[in-house]
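Subject: Handing over the structure

Hi,

Here is the structure I promised to pass on to you. Have a look at it first, and then read on for what turned up.

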Amino acid sequence: MNIQINHMTSAMSRIAIGCALALLAACGESGGTTNTASAPGITTSEIKIGSTQPLTGPAAPGYSEIAPAANAYFQYVNAHGGIFGRKITYEYLDDGYNPTTTSSVTRKLVLQDKVFAVFNALGTPTHLAVVDYLNSEKVPDLFVASGCNCWNDPSTHPYTFGWQPDYTIEGKILGQYIQQNLAGKKVGYFYQNDEFGLDGVKGLDQQISSVASRQNYVPTNTNVAPQIAALQASGAQVVVSFSIPAFTALALLTAAKLHYNPVWVVSNVGSDVPTLTGLLTKFSSGAAGGQLLTGMVTDAYLPLVTDASNPWITLFKKIHDQYIQSLPWDGNVLYGMGAAYAFVQAIKAAGRNPTRAGIVHTLETTKLTGGPGLAPYGYGSNNHLGYLGVQVATIGADGNATTVGPVYTSSDSGSINQYSGTPATPPSNGIPS
Amino acid sequence: MLTPTLSRHLGLAVVAFILLLLLSSQIGAYDDYTLAAVAIFVIATAGLNLLTGVNGQLSLGHGALMAVGAYSTSLLLRGHDLPLILVLLLSLAGASLVGAVFGVAAARLRGPYLAGATLALAVGLPQIATRYSHVFGGEEGLTVPPPAAPSWLGADFPPERWMAWIAIAVALVTLVLLGNLLQSSVGRSFKAVRDHEAAAALAGINVARTQVVAFVVSSACAGLAGSLFAYWSGLTAPAGFGVALSLQLISAIVIGGLGSLSGAVWGSIVLVFVPNFTSGMASSLNLPSSVGNNLPLLIYGAVLVVAMLVVPYGIDGGLRRLLALARARWAGAATNHKGVVDWDDPAGS
């Protein structure tokens, strides 16, 4: 009897040991302690990601700094041990802000370079050209550098995630500011004639009841004089502009030429002060400059670049000075590093040996918190939105922005709410744990 | 029934088709994608070379004619699932029609005036897409579903390879047809008009009609290429058919060799592979971004300049000259004649 029990126990312990070993092996595949080539673009020592960026062409001024800035953050992470010992290789290709080129270079990234994910690919019209393709190939399409709400469509595009606040939310919050602070003034719109501008207008229209004039532009035509003259003729005292930096600058210069001085309300992507100052000086051959930006209203979802007391700014400025000194320290650089920080958070949360489906699952189920953003992320299984809100800011005569009022959050159709969460501080080594 | 020219061209095309299919099966999906691009540009540049190289009419607006083909395809496929061959033929017909109308005007213009008019086509036509954005999709353009590979090729068959096969087949058919046309009396009248209009007219050639025919044939090729381009890129947007595309097509036939179909092939290879090779340099080489970002354009420009200096008659002209040079040397050696060979006229004709 006793012997039998002994036999049984040893049999059971053998089963138990077997189970434990099986568990360990299972752990080795998904968590564990050894690196495996768990997905395309992931080897034992490398994580390869790609992107398409406007390094040349109409959107290049300003935006061409974003990818080198993200890359600087990745180099910083690589120099401090990488992600589970793997180094990030970031391959960004120029598409000249031309959707047809985006289509072919994205295939190069996926088919030839075999990247794990496409990260922070820039532009609304450009990225719309490839979003179906990336999803049909099941390539994670993380943190698209555009605030189009078209990225938030988990049922048709389960692999695509936005990052910055969508333009409709931004339009609503800017519209609310105009309602509250510039009440009674005639309002006109100037916007890019694609999903970028139209989404912004959708948000504005929810807040602003009467619009004196609606003018749009296409990025391939740099003559905006007819539109600005029409805004002037309509008597608009406030002009809301959903434009890329080059066209914000063109609009401001054209208005100055026509002696037209409305209050400019410019959405985040077209309002970076150093970028605009450079463009204004260049386009006017030195006749105008940053003084045209005084009094401009805009919004922010990251700390202000000029706020030297903010620990995130200290961290990112340090990395800027170390890796990409030749680029100006401006909102584009901050943007690139912020997005790169979010990627490092996500890939770390996906575990030691991430898969393409795994990182999507992680983003839908694990709340990303503790980043540089002013508002929280919206990621969930039914929501692929990034930052949910912004804070309004105004540009002073010294070119520095000052935030006005609280951070507001919203959704495309919901109400606007005040957000009262406390901002996070970066980890001491600057790398998300 | 088969003339010696046609059977020779057909034989060459069949051999090329088999070789390219074998090549396509050995390379990766992205290389197939690139191969398809070369084949598509061969169609467009072969048509342009017929117009500019053979008939002497300069067109700076062929990108716009490609856009006509591409938009025809995208609009035909919007909400309908039409067979590829029908879509290709309808797109070809659409571009031919536009080409015919424009060709009538072009036949009255010469030199810089013709260049200006065709340039206007390249600048103006894509703007229609932004003006009537509810039809043409504006700056974002219209998406095109990729052509589905037949099921007997297997589920794992890369769609890029199927696209390459289609493009190669269409390109070879186009080259055979154009090759035959050039050997015919029509082709001879094209050249006669290019070389001396008055002499051609005295010989009984209707100069204006010949020029319109050349414009229509060339537009048909551009439309066909545009249609395949829409399938290939999955998107038809105005930015893809800007003035730059028209100028690239012209530079391709100049680099490849004016007036010959093989010149169009060489030019297309350069047009596709040089930017392909240079893209990605910005992130892979550790250059300052202001240099690295513009490096691909710089290299492309440098290739153009060097090609013009080294082989002023294009790659095709250069190769022909080398061949003739070798022949002349060999003939000289055989007769023990140490003659000096003239680079510009190696055959000594």
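To start in chain A: how many of the eight residues of strand β2 (residues 87-94) are buried? Seven are, so to speak, under cover, and the strand is mostly covered. Here, buried is the label for a residue with 20 or more other C-beta atoms within 10 Å of its own, exposed goes with 12 or fewer, and partly exposed lies in between, the C-beta atoms being placed from the backbone.

Before going further, please note that this is a predicted model, in which local features need pLDDT of at least 70 and side-chain atom pairs count only at pLDDT 80 or more, while totals for chains, interfaces and linings use all residues. Residues are numbered from 1 along each chain as its sequence is written, and chains are lettered from A and ligands numbered from 1 in the order in which they are written.

Back to β2(A): its partner is strand β1 (residues 46-53) of chain A, and the two run in the parallel sense over eight bridges. Strands count as paired if DSSP finds at least two bridges between them. Within this pair, A:Ser51 stands opposite A:Tyr92.

Chain B has 16 helices and two strands, where helices (H or I, at least four residues) and strands (E, at least two) are DSSP runs numbered from the N terminus. Its radius of gyration is 21 Å, close to the 20 Å that the globule rule gives for 349 residues, so chain B is as compact as a globular protein of that length. That radius is taken over C-alpha atoms, and the rule is 2.2 Å times the number of residues to the power 0.38. Of the 349 residues in chain B, 47% are buried.

Where the chains meet, 31 residues of chain A and 28 of chain B take part; a contact requires C-beta atoms, placed from the backbone, within 7 Å. On the chain B side, α2(B) gives the largest share, three residues. That side has 11 nonpolar, 14 polar and three charged residues. Nonpolar covers Ala, Val, Leu, Ile, Met, Phe, Trp, Tyr, Cys and Pro, charged covers Asp, Glu, Lys and Arg, and the others, Gly among them, are polar.

Finally, the domain assignment divides chain B into domain 1 (4-276), domain 2 (279-310) and domain 3 (319-349), with bounds from an automatic or database assignment. The C-alpha centres of domains 1 and 2 of chain B lie 27 Å apart.

Enjoy exploring!

Technical notes:
Two residues are in contact if their C-beta atoms, placed from the backbone, lie within 7 Å.
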